[in-house]
Structures are given as structure tokens and as C-alpha cells.
Amino acid sequence: RDLHPRVRRQRQMCIRDRTYIYHSGFAIEGENFTIIIDYYRDSDGENDGIVHDSLLHRAGKLYVLSTHSHSDHFNPEILKWKQHRPDIQYIFSRDILEDRHVRFDGAVYLSPSELYHDNTLCIQAFGSTDVGCSFLIEVAGKLIFHAGDLNNWHWKEESTMEESAEYEAAYLHELEILARVTNRFDLVMFPIDPRLGREYMLGAEQFLSLIHISEPTRHAQIS
């Protein structure tokens, strides 16, 4: 896949750091941008840690993304950050607007297949096997994917074989859509949930069978 033309011109930028915050929350730091994804709470407590101590004060553009409306992926506290950082660009899954009735005009709301882009990055929304979206982010010449709650939620130890097969088919369908756009990423953030039982890694293994990843990043998740 070729980078979006506006992002292609930013190849001279680089990603300086990527930080695990908490649960499904991550931050991507570049020379003149910061991206915070699926903020639930800060690294050391509710409002104590790297986000409040450092990331919200970094120079450059600040993007705050939420893949869906579950409370452990979307914390309404992030809307208050605009009081101190009026330049924030919020990019949310559309279900946050629809399901949680958030009346906030200062955000871009995306459904699967929709795009947001500016001179720094491009974000394309893909589907999920739960609610909301997953996000493909093109920035600094890199392809980054945050899965949100996209996974093979097979629940084999508590579902019938037919139900598990249906869950798996839905997941593989979403992977096929993603793989038609690109079959390689530089960094992936993917949920690993031990509640799925013995085959809790199945979704990640199926992802890796279709997609090449330079830096897979696993995180334990209780959705």
C-alpha cells in the first residue's frame, strides 16, 4: 500500500517513542506530534502518570483517538483536555456519538472505510468484531494499526461449536478486508484476553498469518 500523498511528504519525520499507558491505551510520539489512543486511565492512577505529566504538555500536534464507546476504551475525561489544549484533534469511532449520545462538535467521527487526513497523518477506520472500529494510522512514513476490540472472540469453552464458528468467520472476514488494503504494518497494538481460555492467542495467531508486522505489541485486555 502506498502512503496517502499528504503523509508521503512527511517521511522526513520520525517516530521517537511508543508508550503503553494502561489497558488498551497507547501513545505514539513523533518530532512534532503526539497520538494518544484508547485512553482509559493514566499509567500510575486515574489522573496520574505519563499522560498528565508529559504527553499533554508536549509541543506539536496532539491527536486523541478512541476506537469505540466501551468505558475502558473511551473515558469522557479526555474531552476536558481541550480546556488546556485547544488545539487537540479528536478522532472517534462514530458509535461514541450514537451509543453514548456524546454531543461534542469538536471531534471527527469515523465509521469503517472512512478517512481522516491532514498534513501530518492519515487515519482509516476498519471494522471490529465487537463495537466501533479499528484504526490504521499512517504517520512519519509508518503504518500503525490499533485493533480496538477486533479479535476472534470465539469463547470456545462456553459457546457451541456453531457459535464459535460464526464468531471466527466474522473475524476472518474483517482480516480479509484489512489485508486487501495492506499486508504489512510497522507496529500493531492487538488485544490479548486470557478470558478466552486455552486458545486465547488464536486471534493474534490468525492475524499474524495474514499480516507481516515489524513490531507486534500485545497487551492484556479485559474488555
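## Histidine 68 and the β4–β5 loop

Histidine 68 lies in the loop between β4 and β5; helices (H or I, at least four residues) and strands (E, at least two) are DSSP runs numbered from the N terminus. In this predicted model, local features need pLDDT of at least 70 and side-chain atom pairs count only at pLDDT 80 or more, while totals for chains, interfaces and linings use all residues. Residues are numbered from 1 along each chain as its sequence is written, and side-chain values use heavy atoms, with hydrogens and water left out.

The relative accessible area of histidine 68 is 0%, so the residue is buried (buried is under 20% relative accessible area, exposed over 50%, partly exposed in between, with a 1.4 Å probe and protein chains only). Beyond its neighbours within four places in sequence, histidine 68 is in contact with His73, Phe74, Ser93, Asp95, Ile96, Val131, Gly132, Gly148 and Asp149; contact means heavy atoms within 4.5 Å.

Another approach across the sequence involves serine 69 and aspartate 99: their C-alpha atoms are separated by 7.1 Å, and they are 30 residues apart along the chain. Aspartate 99 belongs to helix α3 (residues 94–99) and is partly exposed, with a relative accessible area of 47%.

## Chain totals and confidence

The chain holds five helices and twelve strands. Of its 223 residues, 53% are buried. Among contacts between residues at least 6 apart in sequence, 60% join residues at least 24 apart. The accessible surface comes to about 10300 Å², and carbon and sulfur atoms account for 47% of this surface; the areas come from the Shrake-Rupley method with a 1.4 Å probe, and for residues only the protein chains shown count as cover.

The average pLDDT of the chain is 90, and 89% of the residues score at least 70; pLDDT is the predictor's confidence in each residue, from 0 to 100. Over residues 6–11 pLDDT stays under 50, and the model has 17 contacts beyond four places in sequence for this stretch.

## The six-stranded sheet

An open sheet with mixed pairing is formed by six strands in the order β1-β2-β3-β4-β5-β6; two strands pair if DSSP finds at least two bridges between them. Its edge strands, β1 (15–22) and β6 (107–110), each pair on one side only. Neighbouring strands of this sheet are turned by 15° against each other on average, direction ignored; the axes are lines fitted to C-alpha atoms, for helices over the stretch in contact, and angles run from 0 to 180 degrees between N-to-C directions.

Six bridges connect β1 with strand β2 (residues 25–30) in the antiparallel sense, and threonine 19 stands opposite alanine 27 in β2. Histidine 23 sits in the loop between β1 and β2. Its phi is near 55°, a positive value in a residue other than glycine, and histidine 23 counts as buried at 9% relative accessibility.

Strand β8 (residues 121–126) is mostly covered, with six of its six residues buried. In a regular strand the side chains alternate between the two faces of the sheet. In β8 both faces are covered: Leu121, Ile123 and Ala125 are buried on one side, and Cys122, Gln124 and Phe126 on the other.

β7 and β8 form a hairpin with three residues between them. Strand β7 (residues 115–117) runs antiparallel to β8 and is joined to β8 by three bridges, with leucine 115 opposite glutamine 124. Strand β9 (residues 134–139) is also antiparallel to β8, through six bridges, and here alanine 125 stands opposite phenylalanine 135.

The whole structure has eleven aromatic pairs; rings of Phe, Tyr and Trp (its six-membered ring) pair if their centres lie within 6.5 Å, and planes under 30 degrees apart count as stacked, over 60 as edge-to-face and the rest as tilted. Tyrosine 39 and tryptophan 81 form an edge-to-face pair, at 4.9 Å centre to centre and 70° between the planes. This pair links distant parts of the chain, 42 residues apart: tyrosine 39 is in the loop between β3 (33–37) and α2 (50–53), and tryptophan 81 is in the loop between β4 (61–66) and β5 (89–93). Tyrosine 39 is buried at 1% relative accessibility, and tryptophan 81 is buried at 4%. Ring pairs also link Phe74, Tyr90, Phe92 and Tyr109 into a cluster.

Tryptophan 155 is located in the loop between β10 (142–146) and α4 (161–181). Its phi is near 45°, positive in a residue other than glycine, and tryptophan 155 counts as partly exposed at 21% relative accessibility.
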